[in-house]
Amino acid sequence: MSEEILKDLKSENNKAFGEMYKKYFGMVSYYVVNNNGRLDDAEDIFQDTMMVLLEKLRQDNFVLTATLKTYIMAIAKNLWLKRLRTTYAKLQFTDLCDIGFLAQISQTIEQDSTYWEKLQIYLTKITSHCKGLIHDMFFKEKTIAQIQEEYGYSAKHNAQNQKYKCMEQIRKAKEQDKESI
């Protein structure tokens with residue numbers, strides 16, 4: 001399977017990029033979000049990761065010595081750590097010494113981290129169709145008309161009903177989570 005995807009990536013087959021996204025974006029997103037990033041940062045890092053992978057695949061002497069999953073995570077981690085170093089290097093020393101500033105950053109990271117961690121857990125408990133639909137609607141901010149067209153719904157109403165059903169899956173996963181505590 002990995003060899004097939006790599007071959008399709010080399011030929012710049014859009015389906016291969018879609019498969020890579022479905023298969024590996026979640027782990028890259030989880031890593032970035034749990035290391036002081038946001039979802040849009042994760043999307044940027046994933047795109048950059050795919051570009052690095054594509055550049056490597058175009059090299060005649062490239063040999064994949066690890067699993068594709070491991071290689072993608074290694075690229076993504078390096079890109080994210082590089083971005084973090086660059087971001088923190090730009091902060092002024094006086095900004096870093098301000099206790100209020102540090103407390104504000106810590107609180108924001110803690111809140112975002114907890115929210116995204118929970119959301120990631122709930123997304124693992126719903127159908128793959130709903131994961132894709134929710135990701136497209138809320139993270140990629142696609143309109144109901146775009147969703148209707150891409151998912152092949154005959155009417156906007158059907159797309160809205162599916163959105164509701166997917167949200168219900170998340171709500172039920174959240175309730176089950178509360179019951180198990």
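Q: What pattern does the protein follow when read along the sequence?
A: Read in that direction, the protein follows the pattern α-α-α-α-α-α-α-α-α, and it has nine helices and zero strands. Helices (H or I, at least four residues) and strands (E, at least two) are DSSP runs, numbered from the N terminus. This is a predicted model, in which local features need pLDDT of at least 70 and side-chain atom pairs count only at pLDDT 80 or more, while totals for chains, interfaces and linings use all residues. Residues are numbered from 1 along each chain as its sequence is written, and side-chain values use heavy atoms, with hydrogens and water left out.

Q: Why is the link of cysteine 130 and cysteine 166 called a disulfide?
A: A disulfide is a pair of cysteine sulfur atoms within 2.5 Å, and the sulfur atoms of cysteine 130 and cysteine 166 are 2.1 Å apart, so the pair meets the definition. A search of the whole structure finds one disulfide. The pair links distant parts of the chain, since cysteine 130 is in helix H7 (residues 128–139) and cysteine 166 is in helix H9 (residues 156–179), 36 residues apart.

Q: What is the handedness of the link of cysteine 130 and cysteine 166?
A: The link is left-handed, with -75° about the S-S bond.

Q: How do you know whether cysteine 130 and cysteine 166 are buried or exposed?
A: Buried means under 20% relative accessible area, exposed over 50%, and partly exposed in between (1.4 Å probe, protein chains only). Cysteine 130 has a relative accessible area of 1%, so cysteine 130 is buried. Cysteine 166, with a value of 0%, is therefore buried as well. Of the 181 residues of the protein, 31% count as buried.

Q: Which residues lie nearest the centre of the largest pocket, and which element gives the most to its lining?
A: The largest pocket is lined by 24 residues, of which Tyr21, Lys22, Phe25, Gly26 and Lys131 lie nearest its centre. On a 1 Å grid over the protein atoms alone, a pocket is an open set of points where a 1.4 Å probe fits, with protein on both sides within 12 Å along at least five of seven lines, and lining residues have an atom within 4 Å of a point. Helix H2 (14–33) is among the elements that give two or more residues to this lining, and H2 gives the most, with nine residues.
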